[in-house]
Amino acid sequence: MSICGDDNNKKDNESNIMIPQNVISNLFQLEELMIDVNPGDKQWNASVKDIVKEVCSLDRLEALQLYLPEVALLNDLQNASSSINLLKMHFRFTIGRHLKRIISRLPLEVAVKFDVPERCLKFVKGEDVPKIGKVLRHVTALFLDSHSTATSLSEFGIEYMKNLKFCALGECYEIQTIVDVNNGDKVLLRSLEYLNLYYMKNLRSIWKGPFGWEIMDNFPTVTDCLIDRCLFSYFMLCLDGEKRKLRT
């Protein structure tokens, strides 16, 4: 299912309801649901809470794609009354109120990588750090785009990212480090294979604090797209040195 709306062409007497009530909840045998909408569509924003409630009743769902303007809607998919199981399904969620860009600054390499993973979460234009641990524990790909207040990825709860394989951060101008071990992190991205950073003007370090066994044996491929080359080289030099210390 693909839905694209244009608010500029909407007449005043037209309903704000994009999908009639109970249409989705009556699709008892539905296994895949992909709803693609313009993030700025007011009809979708007016309907999405009811749509999420109906989606939660689809116990046969195996794949789900949704744009959710609020974090609370993401948590609704995991509440006690929900019949869907994110652990056993493929999903792709985009969270946050934003307008679709005519020209994207997302590197093509990153876009291709994020077409592959089975459980993907994209968080766009965030202002607060949400409590999304229940969903993060299932996510295999995380994309943090244009967050305005977070100073490290650790603030989102790295302890929940045990299954994370792909991670990209872009235009998050307050982020100064990616992993802050001093923040109390215990499980340190053991499954991570790929990390992409771009347009991170205040980034000072990728790792803050002592290195540990949890990540050293399987360190990810790090691409330094548009970050300071000296920072990247220094980090890799430190990493190589710490590996030798841990193995001797």
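Visitor: Why is Ser-146 called buried?
Guide: The relative accessibility of Ser-146 is 11%. Buried means under 20% relative accessible area, exposed over 50%, and partly exposed in between, with a 1.4 Å probe and only protein chains considered. Ser-146 is therefore counted as buried, at 11%. Ser-146 sits in the loop between strand 5 and strand 6, where strands are DSSP runs of E with at least two residues, helices are runs of H or I with at least four, and both are numbered from the N terminus.

Visitor: What kind of model is this, and how are residues numbered?
Guide: The model is predicted, so local features need pLDDT of at least 70 and side-chain atom pairs count only at pLDDT 80 or more, while totals for chains, interfaces and linings use all residues. Residues are numbered from 1 along each chain as its sequence is written, and side-chain values use heavy atoms, leaving out hydrogens and water.

Visitor: What makes the phi of Ser-146 worth a remark?
Guide: Phi of Ser-146 is near 60°, a positive value although the residue is not glycine. Most residues other than glycine have a negative phi. Lys-125 also has a positive phi, of about 55°, and is not a glycine.

Visitor: Where is Lys-125, and why is Lys-125 put in its accessibility class?
Guide: Lys-125 belongs to the loop between strand 4 and helix 4 (133–136). Its relative accessibility is 46%, and Lys-125 therefore counts as partly exposed.

Visitor: Why is Val-124 called buried?
Guide: Val-124 has a relative accessible area of 4%, so the residue counts as buried. Val-124 is part of strand 4.

Visitor: Which residues does Arg-119 touch?
Guide: Leaving out residues up to four places away in sequence, Arg-119 touches Leu-86, Leu-87, Met-89, His-90, Phe-91, His-138, Val-139, Thr-140 and Ala-141. Contact means heavy atoms within 4.5 Å.

Visitor: What makes Lys-162 part of a patch?
Guide: Lys-162 gathers with Lys-134, Arg-137 and Arg-190 in a surface patch of positive charge. Members of a patch have over 30% relative accessible area and no salt bridge; like charges are joined within 9 Å, and nonpolar side chains (Val, Leu, Ile, Met, Phe, Trp, Tyr) within 5 Å. Lys and Arg count as positive, Asp and Glu as negative, and His and the chain ends are not counted. A charge is placed at NZ of Lys, CZ of Arg, CG of Asp or CD of Glu. Lys-162 is in the loop between strand 5 (141–145) and strand 6 (166–170).

Visitor: Why is Val-116 called exposed?
Guide: Val-116 has 64% relative accessibility and therefore counts as exposed. Val-116 is in the loop between helix 3 (108–113) and strand 4.

Visitor: Why is Ser-25 called buried?
Guide: The value for Ser-25 is 17% relative accessibility, so Ser-25 counts as buried. Ser-25 lies in the segment before strand 1 (32–34), and touches Glu-54, Ser-57 and Leu-58, not counting residues up to four places away in sequence.

Visitor: Why is Tyr-194 called buried?
Guide: Tyr-194, in strand 8 (residues 194–198), has a relative accessible area of 3% and is therefore buried.

Visitor: How many helices and strands does the protein chain have, and how much of it is buried?
Guide: The protein chain has six helices and 10 strands, and 47% of its 248 residues count as buried.

Definitions and conventions:
Areas by Shrake-Rupley, 256 points an atom, 1.4 Å probe, with all protein chains shown as cover. Salt bridge = Lys/Arg side-chain N within 4 Å of Asp/Glu carboxyl O.
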